[in-house]
Amino acid sequence: MSFLALFISLPTKASTGRMRVWRSVKALGCATLRDGVYLLPDSADSAAALDEAAAQSVEAGGSGEVYRLSGCDEAQEAALRALFDRGEEYAGIVEEIKGLGRSLASLDGAAAARKLQPLVRRFEQVARIDFFPGEAQRQTLSLLDDLRDALTRRLSPDEPTPRQADIPRLERADYRGRVWATRARPWVDRLASAWLIRRFVDPKARIVWLASPADCKADWLGFDFDGATFSHVGTKVTFETLLASFGLEDAPALTRLGELVHCLDVGGLPVPEAPGIEQLLAGLRASESDDDALLVRACEVFDWLLKSYEEKTT
């Protein structure tokens with residue numbers, strides 16, 4: 001593969017300009033070949049970003065040029081890839097994950113959740129500039145998921161556990177005008193699933209909020225709890241199970257929305273807009289004590305997201 005190299009030179013007295021360029025280079029995840037020479041894997045986005053950093057150097061009274069490095073042999077490429085190693089950054093996150101895990105028993109759920117969020121954001125920031133992900137990223141993500149699962153079990157003991165099963169294809173016409181039931185005080189997966197049901201499966205669906213999964217009647221369609229008709233299956237959260245069940249996976253915008261719901265519900269691959277959407281839904285949930293009203297407002301959010309994703313995938 002080829003790499004792009006940014007060569008910059010800045011006057012020693014231009015401290016503000018030097019700091020601005022340095023922050024840009026750091027945010028891009030550049031590797032340092034030597035002082036004043038920074039690398040990124042070759043791509044159109046990388047070229048545009050490095051051109052902007054070069055322009056910042058010129059604005060600060062220095063110079064900046066971008067070159068393409070190609071024709072590297074295997075040893076040279078391996079050496080350049082090694083410059084991008086994020087192992088130390090992941091190691092720092094892992095130590096904090098372990099520390100929070102050890103203190104989990106002494107913290108209330110809300111406090112633990114607040115401490116978890118900065119770790120999730122830090123992991124997402126490092127993963128975004130981890131151009132050659134390997135075992136360090138996988139181990140860190142696994143530990144983060146384990147910690148998130150432990151916290152979820154404390155905050156939501158009725159949260160469904162994944163089961164291994166085939167997902168049969170169902171006809172939407174057979175699921176119209178039904179009563180659908182899920183646990184009260186819904187969060188992302190339940191809200192998004194209820195939206196999906198009303199938007200694409202059963203427009204006249206009546207949604208019932210259960211104080212306990214045991215309250216679900218035999219002729220109701222339960223979702224997102226153990227024993228429900230629709231819940232977590234394998235690696236899929238309930239929203240993704242519904243997509244697969246009713247043949248909606250071929251819609252790119254809905255699939256992308258499923259990735260967002262998955263990220264917010266159980267973690268996994270980071271989604272750039274996830275933190276902002278999570279804060280928005282958390283604010284809605286805190287401001288609406290009535291679950292029906294909460295769903296109405298959340299449906300607007302998912303409608304906006306769907307429209308945005310449709311525009312980006314068409």
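Two strands pair if DSSP finds at least two bridges between them. Strand β1 (residues 3-9) and strand β3 (residues 37-41) pair in this way, in the antiparallel sense, over 5 bridges. The model described here is predicted. Its chain holds 314 residues, of which 45% are buried, and its secondary structure comes to 11 helices and 7 strands.

**The chain as a whole**

- The C-alpha trace spans about 75 × 50 × 40 Å along its principal axes.
- The accessible surface of the chain comes to about 16,400 Å². Carbon and sulfur atoms account for 51% of that surface.
- Of the contacts in the chain with a separation of 6 or more, 73% are between residues 24 or more positions apart.

**The four-stranded sheet**

- An open sheet is formed by 4 strands, in the order β2-β3-β1-β4, with antiparallel pairing.
- The edges of the sheet are β2 (31-34) and β4 (63-69), each of which pairs on one side only.
- On average, neighbouring strands of this sheet are turned by 30° against each other, direction ignored.
- Helix α2 (residues 44-59) packs on the sheet and touches β1, β3 and β4. The direction of α2 makes about 155° with that of β4.

**Strand partners within the sheet**

- Between β1 and β3, which pair over 5 bridges, L4 stands opposite L40 in β3.
- Strands β2 and β3 pair in the antiparallel sense over 3 bridges. The bridge partner of T32 is Y38, in β3.
- The hairpin of β2 and β3 has 2 residues between the strands. In this hairpin, G36 takes a positive phi near 90°.
- As a general point, the side chains of a regular strand alternate between the two faces of the sheet.

**Helix α7 and its surroundings**

- Helix α7 (residues 188-201) consists of 14 residues. From its first C-alpha to its last it reaches 18 Å, close to the 20 Å expected at 1.5 Å a residue.
- The helix is mostly covered, with 11 of its 14 residues buried.
- The buried residues of α7 include V188, L191, A192, A194, W195, L196, I197 and V201. Also among them are D189, R190 and S193.
- The cover over these buried residues includes the strands β5 (179-183) and β6 (206-210). It also includes the helices α8 (238-245), α9 (252-266), α10 (274-287) and α11 (291-313).

**Salt bridges: overview**

- Side chains of opposite charge can pair when their charged atoms come close.
- A search of the whole structure finds 13 salt bridges. Those of D291 with R185, R190 with D224 and E249 with K236 are described below.

**D291 and R185**

- The side chains of D291 and R185 meet in a salt bridge, at 2.5 Å from N to O.
- This pair links distant parts of the chain, 106 residues apart: D291 is in helix α11, and R185 is in the loop between β5 and α7.
- D291 counts as buried because its relative accessible area is 9%, and buried means under 20%.
- R185 is partly exposed, with a relative accessible area of 28%.
- Leaving aside neighbours within four places in sequence, D291 is in contact with A184, R185, P186 and W209.

**R190 and D224**

- R190 forms a salt bridge with D224, and their closest N and O atoms are 3.5 Å apart.
- R190 lies in helix α7 and D224 in the loop between β7 (221-222) and α8, so this pair ties together parts that are 34 residues apart in sequence.
- Both R190 and D224 are buried.

**E249 and K236**

- E249 forms a salt bridge with K236, in which the closest N and O atoms are 3.2 Å apart.
- The pair links distant parts of the chain, 13 residues apart: E249 is in the loop between α8 and α9, and K236 is in the loop between β7 and α8.
- E249 counts as partly exposed, at 35% relative accessibility. K236 also counts as partly exposed, at 26% relative accessibility.

Key:
Residues are numbered from 1 along each chain as its sequence is written. This is a predicted model: local features need pLDDT of at least 70, side-chain atom pairs count only at pLDDT 80 or more; totals for chains, interfaces and linings use all residues. Side-chain values use heavy atoms; hydrogens and water are left out. Axes are lines fitted to C-alpha atoms, for helices over the stretch in contact, and angles run from 0 to 180 degrees between N-to-C directions. Contact means heavy atoms within 4.5 Å. The expected span of a helix is 1.5 Å times one less than its number of residues. Buried means under 20% relative accessible area, exposed over 50%, partly exposed in between (1.4 Å probe, protein chains only). Accessible areas come from the Shrake-Rupley method with a 1.4 Å probe; for residues, only the protein chains shown count as cover. A salt bridge is a side-chain nitrogen of Lys or Arg within 4 Å of a carboxyl oxygen of Asp or Glu.
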